[in-house]
Amino acid sequence: MLSNIQTATRRLTLTSQNNTYTFFKRSFDIIFSLFAILLFSPIFLIIAVLIKINSPKGEIIFGHKRIGKDGKLFKVYKFRTMVPNAENILQELLKNNPEKKEEYEKDFKLKDDPRIIPIVGNFLRKSSLDELPQFFNSLIGNMSIVGPRPIIQAEIEKYGKYANKLFSVKPGVTGLWQVSGRNDISYNERVNLDMNYIDKKNLFEDIRIIFETVRVMLFRKGAY
């Protein structure tokens, strides 16, 4: 009887703590996103002009389908860094180049990607400025400022038994992966970092990761 009461008490305590964390995290996301959008609005305009000059055809901001909390599909907003016919170029490259196909299937990235808009595309990716529109995702509520990276359908198998745990939280604009090496680390390490964040999640850790993100962006480490 006493054991059942203690178990119920622990569950109530955990639920209360989780509700408190969720409330403060969502409040933080809204305030931080609004501040960031206002702060970076001049940069938004400059980037839009540069994209239009270097690649007139195609949209400036596009929505890429990713999987979010509870396994729901949503569009991640990004500045376009690829040419309009990027998918055709990719398929042709993978069909004719086994080495590139192996590289792409490893973590769905290419180091020397022929789809990238010359000059401006590489700069936006290396500086991570292409991800600034994701502050709108955080404001809307389908992303958080800090969390695991949102994944595409083909990446689910990479997480294996941890997929459900990944989908228990909102993906983030930034996270442990981005400040721990990004594309310079293996996918298994990325999965471990995501799981570690979910296990430890708290607002103080989120703030630490935000400061680390600024440092990483300044030195452009691990991004391509």
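Predicted model: local features only at pLDDT ≥ 70, side-chain atom pairs only at ≥ 80, totals over all residues.

Me: OK. And what lies over the face of Tyr-187?
Reply: That's Lys-158, which sits 5.4 Å from the ring centre.

Me: Switching to rings with rings: how many aromatic pairs does the structure hold?
Reply: There are 7 aromatic pairs. One of them is Phe-23 with Phe-24: their ring centres are 5.3 Å apart and the planes meet at 75°, so this pair is edge-to-face, since over 60 degrees counts as that.

Me: Are those two buried or exposed?
Reply: Phe-23 counts as exposed, at 51% relative accessibility. Phe-24 is partly exposed, with 44%.

Me: What about Phe-44 and Phe-136, how are their rings arranged?
Reply: Their planes are at 85° and their centres 6.0 Å apart, so that pair is edge-to-face. Phe-44 is in helix α1 (residues 2-54) while Phe-136 is in helix α5 (residues 134-140), so the pair ties together parts that are 92 residues apart in sequence.

Me: Nice. And why does Phe-44 count as buried?
Reply: Its relative accessible area is 12%, and buried means under 20%. Phe-136 has 33%, so Phe-136 is partly exposed.

Me: Last one: which residues form an aromatic cluster?
Reply: Four Phe residues do: Phe-28, Phe-32, Phe-40 and Phe-135 make up one cluster.

Key: Residues numbered from 1 in each chain as written. Heavy atoms only, no water. Phe/Tyr/Trp six-rings, centres within 6.5 Å; stacked < 30°, edge-to-face > 60°. Buried < 20%, exposed > 50% of the residue type's maximum accessible area, 1.4 Å probe, protein only. Helix = DSSP H or I, 4+ residues; strand = E, 2+ residues; numbered from the N terminus. Lys NZ or Arg CZ within 6 Å of the ring centre and 35° of its normal.
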